Amino acid sequence: MTKPSLPELLHAAVDAVGGVERPGQVTMATAVADAIDDGSHLLVQAGTGTGKSLGYLVPALAHGERVVVATATLALQRQLVERDLPRTVDALHPQLRRRPQFAMLKGRSNYLCLHRLHEGVPQDEEDGLFDPFEAAAPTSKLGQDLLRMRDWADETETGDRDDLTPGVSDRAWAQVSVSSRECLGASKCAYGAECFAEAARERAKLADVVVTNHALLAIDAIEGAPVLPQHEVLIVDEAHELVSRVTGVATGELTPGQVNRAVRRAAKLVNEKTADELQTAAEGFERLMELALPGRLEKIPEDLGYALTALRDAARNVISALGSTRDKSVQDEDAVRKQALASVETIHGVAERIVNGSEYDVVWYERHDRFGASLRVAPLSVSGLLREKLFAERSVVLTSATLKLGGDFNGVGASLGLAPEGTEGDDLPVWKGLDVGSPFDYPKQGILYVARHLATPGREGSRGDMMDELSELMEAAGGRTLGLFSSMRAAQAAAEELRGRLDLPILLQGEDTLGELIKKFSGDPETCLFGTLSLWQGVDVPGPNCQLVVMDRIPFPRPDDPLMSARQKAVEEGGGNGFMAVAATHAALLMAQGAGRLVRATGDRGVVAVLDPRLATARYGSYLKASLPDFWYTTDRNQVRRSLSAIDAAAKADGR
């Protein structure tokens, strides 16, 4: 039997999911197959509606070697495992004459821990163990959630938190889950044979396609101990998110609360002198943190250096002592010890990292109204790590609707550790960028309107002219507005002001769960939704209920963001343009994602309005505009009002 061609396989898969074959999807599938065959790397931009999931799944399944697919969002993981993969495997089975297996794999803390569930949580304050099911009143929300999870444990096949509906709070989940550091290990645990996390790992070892998340991919790269099974092909979907997710995993944090918890956990398991040493170091650290002012620490102050050295040394002594002493009076001592060890090792690791002071790290203080002060350390760049760990010994395909910024892939490529496209060298990964376009006719379906007449937004203060403009645009659109704001404060101020001015329902992020807000927004044409970062990327509302997407200003990073400003400065010291490489790239990515909320289907029409004149007047404006979909462009406010009114009237005439 001859081997089926890629177009035949793609056609069968598209039919199976009830989709429409797009030219961009065919181009993408061919390029992915070529990259896999010759072991090279591919950055592929595939606009909304291209059908990019099948564009990479079909060639990956046809190749026959194990593939890892890493995504940023839970929604896409679910779509792949529950819809795209089952249908695609069924469709390709007759032609491939095999049935590829697939599995989902996440970090250990995403799975219910049966040991925690049945034996309880090692308690910080009292001897022995604390049973949350006894302590939490059955009438309380926590008590009800815990009892529900106990029942769920008997029914669930996966133990995966995301399969529990309705979900539970982080506090409730913490009572029934463990981190990888706290886990006793399957061989030492009484419940090892039934462990959900171990079962997920076993399924992944047998699967042809393993679906995971960016965080687990980062842990696999950073920690050296492989958590993902061996694979020949890595596909990173939503790849525009990868650098920030890897940075998050590589960031260390110390807080007084976290240090005090570690002290309490260790105190019962080590001798008094060792425990007192850690307690004293913790008190010194806490006193310093009470005075901490937010901002970057270019040099570690002497008093902080002393406090961290004391913390590191005391933590090291506790770790040594924990390994040798046994206390028969402590119930389930192995679990108590493992939790204490995990807490103290984290503190030792972060304190040592900051004391050692690498030029490749950025250290800063942060202060939260609710959580107090924290000390954080993050890598100045993750590009070297990604170049070394991501692109070695496997073919990598990175895809997203937004990878091409300012007209090329080199900006995103540089953040991933890739030299400019076409550069040759012994240690340089070979890659190419491909934009397969979009099935949408952007110039006919959308307008990009820049409110050139408005005042340039300042750092703080009310923007009366912007509120007037926003109010008029929303009125012309008859609602149907998604407001994307650069800060929560700005979103709240706009919601408060416009609720008083307009007879339109305005929803605000934070007033309900994101899922509920989006459901209400998509269900009523007059309803508007205002919010910040997660809305720039997480809203998919095709149809007439989202016909106006407003950005209050260009979303540059805050000038006082320690990590972004350090990265900008490092580029400048290397002779580059720090503003363009860091701030403008960050803004372009977010704006491209935000503008992508408007046109989600071939019948969608509408306006993306940017209420920041700098997009029209500043030199970097052309770079930002080149990163956005190719909408029809105007600065004519009257034209836009007329267009919005006409779009609203057409939707109403259709009864929508």
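Reader: In β17, what is the bridge partner of Leu-484?

Author: Leu-484 has Gly-531 of β17 as its bridge partner. Strands are DSSP runs of E with at least two residues, helices are runs of H or I with at least four, and both are numbered from the N terminus.

Reader: Where do the coordinates and numbers come from?

Author: The model is predicted, local features need pLDDT of at least 70, side-chain atom pairs count only at pLDDT 80 or more, and totals for chains, interfaces and linings use all residues. Residues are numbered from 1 along each chain as its sequence is written, and side-chain values use heavy atoms, with hydrogens and water left out.

Reader: OK. How many bridges join β15 to β17?

Author: 3 bridges join β15 (residues 481–484) to β17 (residues 528–531). The two strands run parallel. Two strands count as paired if DSSP finds at least two bridges between them.

Reader: In what order do the strands form the open sheet?

Author: The order is β16-β17-β15-β18-β19-β14-β20. That makes 7 strands, and the pairing is parallel.

Reader: Which strands stand at the edges?

Author: β16 (506–508) and β20 do. Each has a single partner strand, so one side of each is left without a neighbour in the sheet.

Reader: What does the twist average from one strand to the next?

Author: It averages 15 degrees. Angles run from 0 to 180 degrees between N-to-C directions, and axes are lines fitted to C-alpha atoms, for helices over the stretch in contact.

Reader: Which strands does helix α24 touch?

Author: α24 (residues 578–595) packs on the sheet against β15, β18 (548–551) and β19. Its direction makes about 160 degrees with that of β18. Contact here means heavy atoms within 4.5 Å.

Reader: And which strands does α27 lie across?

Author: Helix α27 (residues 637–653) lies across β14, β18, β19 and β20. It runs at about 145 degrees to β14.

Reader: Why is β14 called largely enclosed?

Author: 5 of the 5 residues of β14 (residues 446–450) are buried, so the rest of the structure largely encloses the strand. Buried means under 20% relative accessible area, exposed means over 50%, and partly exposed is in between, with a 1.4 Å probe and protein chains only.

Reader: Which residues of β14 point which way?

Author: Gly-446, Leu-448 and Val-450 point one way. Ile-447 and Tyr-449 point the other way. In a regular strand, side chains alternate between the two faces of the sheet.

Reader: What joins β14 to β19?

Author: 5 bridges join β14 to β19 (residues 606–610), and the strands run parallel. Val-450 is partnered with Val-610 of β19. β14 also pairs with β20 (residues 632–634) over 3 bridges, again in the parallel sense. There, Leu-448 partners Tyr-633.

Reader: New topic. At what angle do the axes of α1 and α4 cross?

Author: The axes of α1 (residues 6–16) and α4 (residues 74–96) cross at roughly 140 degrees and come within 8 Å. The contact uses Glu-8, Leu-9, Ala-12, Ala-13 and Ala-16 of α1. From α4 it uses Arg-87, Thr-88, Ala-91, Leu-92, Gln-95 and Leu-96.

Reader: Where does α4 bend?

Author: α4 bends at Leu-80, by about 40 degrees. A bend is the angle between axes fitted to the seven residues ending at a residue and the seven starting there.

Reader: What do the buried residues of α4 pack against?

Author: They pack against α1, α3 (52–63), β2 (67–71), β3 (102–104) and β6 (209–213). Leu-80 is one of those buried residues.

Reader: Now the loops. Is Arg-480 buried or exposed?

Author: Arg-480 is buried, with a relative accessible area of 1%. Its loop lies between α19 (464–477) and β15.

Reader: Does Glu-424 count as buried or exposed?

Author: Glu-424 counts as exposed, at 75% relative accessibility. It lies in the loop between α17 (410–415) and β13 (431–435).

Reader: Last one. Is the peptide bond from Thr-165 to Pro-166 cis or trans?

Author: It is cis, with omega near -10 degrees. Pro-166 is in the loop between α7 (141–155) and α8 (170–174).
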